Amino acid sequence: MRQSNYLAPTMRDVPADADAISHQLMLRAGMMRQVAAGVYAYLPLAKRVIAKVEAIIREELDAIGAQELTLPTLHPAELWQKSGRWESMGDELIRLKDRHGRDFALGPTHEEVITTLIQDGIASYKKLPLNVYQIQTKYRDERRPRFGLLRGREFIMKDAYSFHDTEESLDETYWEMHAAYTRIFKRVGLEFRPVIADSGAIGGKDTHEFMALASVGEDTIAYSDGSDYAANIEMAATKAPEPVSAQDHAQLEKKPTPNAKTVADAAEALGMQNNEILKALVVKLDDELTMLLLRGDDELNEVKAGHELGAKELVMASEEEILEAFGATPGSLGPVGVKDVKIYADYAIQGMNRIACGANETNYHYIGVGPGRDYSVTEYKDLRFIQAGDASPDGQGTIQFAEGIEVGQVFKVGTGYSEALGAQFLDQNGKAKPFYMGCYGIGVSRTVSAVIEQFHDENGIQWPAPVAPYHVHLLCLNVKNEEQMQLSEHLYETLKKNRVEVFYDDRAERAGVKFKDADLIGLPIRVSVGKRAGESMVEVKLRTTGEQHDVHVDDLIAFIEAQLTK
Ligand code: 9G3
């Protein structure tokens with residue numbers, strides 16, 4: 001492809017509102033242009049990368065028997081009303097009316113559509129398991145679109161849905177998809193980790209997110225440096241300490257802690273450390289007032305606690321609810337003397353004795369508090385946020401934190417959707433049963449951004465060969481020089497004949513401009529035809545390592561092929 005008439009408007013300056021490096025580089029390398037907030041045009045260079053990512057996805061999913069289809073983007077409201085998500089998804093769901101005034105949604109995901117189709121399409125268990133996927137533009141009206149394709153309002157997703165007659169069959173496909181995702185992201189060249197994650201709006205139990213490690217990532221991963229344990233911070237499990245044996249109790253005393261609002265205030269008033277104070281929080285678990293106890297220096301992980309306590313919804317109780325139930329302000333709460341309210345305590349306080357806690361009397365705390373004598377708990381649970389430096393929950397290694405971009409997610413949904421939508425199949429006894437469902441997403445356009453976040457330097461993008469827009473950037477350094485032009489044209493034809501994807505900079509620009517653009521666009525191999533054209537010598541530079549070689553044109557194809565198969 002000749003660069004002289006190619007639509008890749010490179011830019012020197014960094015656009016002001018682009019604060020992710022991938023967003024900046026996609027604009028500067030002429031890969032995309034913004035049309036509206038969170039809405040982008042993919043220009044030819046980006047389209048080629050997207051096509052390569054999609055090709056890798058198709059190969060790996062077709063290889064495990066998934067079937068590609070394409071579902072409508074325009075969804076009749078009835079489907080979303082049936083699942084209850086027409087209302088519950090709020091403003092993120094883009095709604096519109098057709099010419100007859102009928103309500104539609106622009107598809108943000110396709111559980112409703114595919115489940116309804118499958119229900120009408122197959123009735124017998126004989127057709128199961130079924131695994132279908134599509135690669136298609138999704139629409140989600142993000143409140144704050146940002147970071148370019150990392151959080152857009154229109155983006156390309158591969159979404160797959162699997163249907164099963166049993167949970168075992170779902171489990172089998174779940175792990176087949178998990179393995180296929182690992183192959184896909186390895187082939188793309190991303191540095192990633194599958195992490196234990198929260199099933200969020202979809203519900204169901206098992207779910208893993210595929211995280212591309214990158215500092216711009218909005219998710220925090222807790223991973224062990226001594227094993228392959230890794231979890232989204234929302235779900236990371238903590239290791240229970242050895243509970244201390246029989247307690248030698250201290251004298252229980254009530255002490256004034258005037259205006260103590262926080263653990264730190266109480267610790268200061270009592271001359272104690274934060275981790276010697278019990279933090280008592282009051283939450284509503286599906287509307288039931290419950291007290292949660294944490295060590296003073298730990299934070300409640302609401303998502304994990306919700307799962308641990310089997311609550312569909314966990315919200316913090318209001319100050320009024322607390323005053324009414326406990327007769328004290330939130331800063332003076334504790335488990336001593338609490339009746340008819342369930343108390344769950346984080347594992348970490350199993351080992352705590354001679355500690356302080358709110359006296360359930362505003363501006364007073366108890367000291368010398370011990371479990372058993374002064375309070376008891378309904379059950380010990382894993383409630384706190386894991387912290388860097390904690391022991392890994394699998395007992396191997398220590399927890400470290402890293403930022404990640406979620407590029408994929410696999411869910412075991414179970415029968416939730418099929419029940420909500422009345423999607424059933426007839427089992428071998430002719431009995432109607434709801435399908436077990438799995439759903440699986442890959443952010444295709446987000447993956448392109450993640451690759452750039454991981455592979456760039458101060459001069460531009462450094463594409464891994466498998467997803468590079470082209471393999472070779474061929475530069476004729478001086479198009480007015482007959483010798484250089486001839487050799488360049490000859491090499492352009494030869495490379496194409498050898499099925500090398502070559503991007504040919506035949507523009508009437510100075511060499512310096514060509515070098516800068518080549519570094520910015522970031523193709524893996526740069527071939528420059530310059531002063532030594534007369535000796536049939538060209539200069540080859542590898543974008544990622546920067547190493548340069550003078551190569552005779554007769555050896556060029558072999559040299560390039562050797563580089564591309566590394
Ligand atoms: C909506 C809107 C936004 C949404 C959803 C629904 C996220 C929604 C979760 C999923 C789950 C899986 C299939 C592919 C893999 C992910 N944002 N989710 O359901 F109406 Cl506006 O999309 N879906």
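A polar contact is taken here as a pair of N or O atoms within 3.5 Å; within protein, one atom must be able to donate a hydrogen and the other to accept it, and residues adjacent in sequence count only if both atoms are side-chain atoms. The model is predicted, with local features requiring pLDDT of at least 70 and side-chain atom pairs counted only at pLDDT 80 or more, whereas totals for chains, interfaces and linings use all residues. Residues are numbered from 1 along each chain as its sequence is written, and side-chain values use heavy atoms, with hydrogens and water left out.

Around the ligand there are 17 residues, of which Arg85, Met89, Thr109, Glu111 and Arg140 come nearest; a residue is near a molecule if one of its heavy atoms lies within 4 Å of it. In the side chain of Arg85, an N or O atom is 2.7 Å from an oxygen atom of the ligand, while a polar side-chain atom of Arg140 lies 3.0 Å from a ligand oxygen atom. Glu111 places a polar side-chain atom 2.7 Å from a nitrogen atom of the ligand. Taken alone, the ligand exposes 510 Å², and the protein buries 91% of that (accessible areas by the Shrake-Rupley method with a 1.4 Å probe; for residues, only the protein chains shown count as cover).

The shell around the ligand divides into 10 nonpolar, 2 polar and 5 charged residues, where Ala, Val, Leu, Ile, Met, Phe, Trp, Tyr, Cys and Pro count as nonpolar, Asp, Glu, Lys and Arg as charged, and the others, Gly among them, as polar.

Leu128 and Pro129 are joined by a cis peptide bond with omega about 0°, and Pro129 is found in the loop between helix H5 (111-121) and strand E7 (130-139). Phe147, although not a glycine, has a positive phi of about 60°, and its place is in the loop between E7 and E8.

How values were computed
Helices (H or I, at least four residues) and strands (E, at least two) are DSSP runs, numbered from the N terminus.
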